[in-house]
Amino acid sequence: MSHALQGEINYIVEILEEHTFGDNVEIENVGIDARLVYVQKSSEWIFMNYKTNKFINDCYLEDVLRRLSHQMIRELHNVVLKEYAL
């Protein structure tokens with residue numbers, strides 16, 4: 001994994017975990033027909049790609065992100081920058 005890509009993952013994790021603590025979160029517009037959801041009840045992050053019918057879930061956001069394509073991580077990074085711009 002490249003240094004730049006790891007930096008994008010770190011940024012996503014830092015921002016989302018800071019802004020979603022104790023809350024459910026849904027981030028849409030990630031790629032085509034995909035979204036990232038945090039479910040407080042189960043303390044679980046779920047990445048859903050409806051186009052490929054792939055679902056990835058884990059208690060740790062970083063573990064979910066590491067299983068995504070580089071392009072999907074970049075798109076998610078851009079969405080987080082727009083949605084949670086400080």
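Here are a few numbered notes on the structure above.

1. Keep in mind that this is a predicted model, where local features need pLDDT of at least 70 and side-chain atom pairs count only at pLDDT 80 or more, while totals for chains, interfaces and linings use all residues. Residues are numbered from 1 along each chain as its sequence is written, and side-chain values use heavy atoms, leaving out hydrogens and water.

2. Let's start with the fold. The protein chain has 3 helices and 4 strands, and from the N terminus they come in the order α-β-β-β-β-α-α. Helices here are DSSP runs of H or I with at least four residues, and strands are runs of E with at least two.

3. Of the 86 residues in the protein chain, 40% are buried (under 20% relative accessible area, with exposed meaning over 50% and partly exposed in between, using a 1.4 Å probe and protein chains only). The chain exposes about 5,500 Å², and carbon and sulfur atoms supply 48% of that (Shrake-Rupley method, 1.4 Å probe).

4. Now for contacts (heavy atoms within 4.5 Å). Taking those between residues at least 6 apart in sequence, 42% join residues at least 24 apart.

5. How many aromatic pairs are there? The count is 2, where rings of Phe, Tyr and Trp (its six-membered ring) pair if their centres lie within 6.5 Å, and planes under 30 degrees apart are stacked, over 60 edge-to-face and the rest tilted. Tyr38 and Trp45 make a tilted pair, 4.8 Å centre to centre with 45 degrees between the planes. Both Tyr38 and Trp45 are buried.

6. Tyr50 and Phe55 form an edge-to-face pair, at 6.1 Å centre to centre and 80 degrees between the planes. Why does Tyr50 count as partly exposed? Because its relative accessibility is 40%. Phe55 is also partly exposed, at 43%.
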